Amino acid sequence: MTKAEKVDFTIKTLKDIYPTIPVPLEHKDPYTLLIAVLLSAQSTDVRVNKITPLLFERADNPYDMIKLSIEEIRDIIRPVGLSPMKSKGIHGLSKMLVEKYNGVVPQELELLEEFPAVGHKTASVVVSQAFGIPAFPVDTHIHRLMYRWGFTNGKNVVQTEKDAKRLFPKEIWNDLHLQIIWYGREYSPARGWDLDNDIITKTIGRKTIIDNYYKTKKTR
């Protein structure tokens, strides 16, 4: 298969498996999405979805959030991990939203990246999922699968994002990054990976990855 055929096969297979795409983090507007994505760093969506209702019950907008102290926020979000940094970030970005943007989350990637505790990936998720602006946020699943499928050299997430944007049509980025995340979780995980269930890697995967999989399987 040529690279272009591999890309087409991937897009078609993901569309067949995920014709409708569940949104991983529960939210009701750009602000609650921004907070949920920030909380999801080095945590699981399941854990974040358990904690956000408790936090948003107290404050689901920046004006109410800054009425809470950093310590109060930290106590609520503690189970998701990294709570000292995340609570400061939530309070800081809420303050900035109120003072600079009248409480409205900006749609520009560069502006979002200026907020405390908001990196490129978080900003990319917000612009794509809240505003429908094409972006390709790369998480660990996408980084792993893009390498397994031979679409990137796996050096770093910056390179993976560049390669993804170069290979896949812009109009499908927003759906595709979510489809790859779900596929990575369900069919091509880092641990407990069964290649027989992973139709995409089995069909187009990097030869060294597939060879290594069978070699490791034999020694078990």
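How many salt bridges does the count come to by the rule used here? The count comes to 12 salt bridges, a salt bridge being a side-chain nitrogen of Lys or Arg within 4 Å of a carboxyl oxygen of Asp or Glu. The structure is a predicted model, in which local features need pLDDT of at least 70 and side-chain atom pairs count only at pLDDT 80 or more, while totals for chains, interfaces and linings use all residues. Residues are numbered from 1 along each chain as its sequence is written, and side-chain values use heavy atoms, with hydrogens and water left out.

Side chains of opposite charge can pair when their charged atoms come close. One of the salt bridges joins Arg58 to Glu72, with 3.4 Å between the closest N and O atoms. Arg58 belongs to helix α3 (residues 45–58) and Glu72 to helix α5 (residues 70–77), so this pair ties together parts that are 14 residues apart in sequence. Helices (H or I, at least four residues) and strands (E, at least two) are DSSP runs, numbered from the N terminus. Arg58 is partly exposed at 45% relative accessibility, and Glu72 is partly exposed with a relative accessible area of 33%. Here buried means under 20% relative accessible area, exposed over 50%, and partly exposed in between (1.4 Å probe, protein chains only).

Lys100 and Glu114 form another salt bridge, their closest N and O atoms being 3.7 Å apart. Lys100 lies in helix α6 (residues 83–101), whereas Glu114 lies in the loop between α7 (109–112) and α8 (120–131), so the parts tied together are 14 residues apart in sequence. Lys100 counts as exposed at 51% relative accessibility, and Glu114 is partly exposed at 43%. A further salt bridge is made by the side chains of Arg166 and Asp163, at 3.1 Å from N to O. Both residues are in helix α10 (residues 157–167), 3 residues apart, and are separated by about one helical turn. Arg166 is exposed, at 57% relative accessibility, but Asp163 is buried, at 7%.

A pair of aromatic rings is described by the distance of the centres and the angle of the planes. A search of the whole structure gives 8 aromatic pairs. Rings of Phe, Tyr and Trp (its six-membered ring) pair if their centres lie within 6.5 Å; planes under 30 degrees apart count as stacked, over 60 as edge-to-face and the rest as tilted. Tyr213 is buried at 10% relative accessibility, while Tyr214 is partly exposed at 34%. One aromatic cluster is formed by Phe136, Trp149, Phe151, Phe168, Tyr183 and Tyr187.

Charges placed over rings were also located, the criterion being NZ of Lys or CZ of Arg within 6 Å of the ring centre and within 35 degrees of the ring normal. Arg148 lies over the face of Trp193, 3.6 Å from the ring centre. The charged end of Arg185 sits over the ring of Trp182, at 5.1 Å from its centre.

In helix α5, the buried residues are Ile73, Ile76 and Ile77. Their arc around the axis is only 85 degrees, which puts them on the same side of α5; the arc is that of the directions from the helix axis to the C-beta atoms. The cover over these buried residues includes α2 (30–39), α3, α4 (62–65) and α6.

Ser40, in the loop between α2 and α3, is buried with a relative accessible area of 11%. Not counting residues up to four places away in sequence, Ser40 touches Leu25, Asp45 and Val48. Asn102 is placed in the loop between α6 and α7 and is exposed, with a relative accessible area of 62%. With the same exclusion of residues up to four places away in sequence, Asn102 touches Tyr63 and Leu97.

Conventions. Contact = heavy atoms within 4.5 Å.
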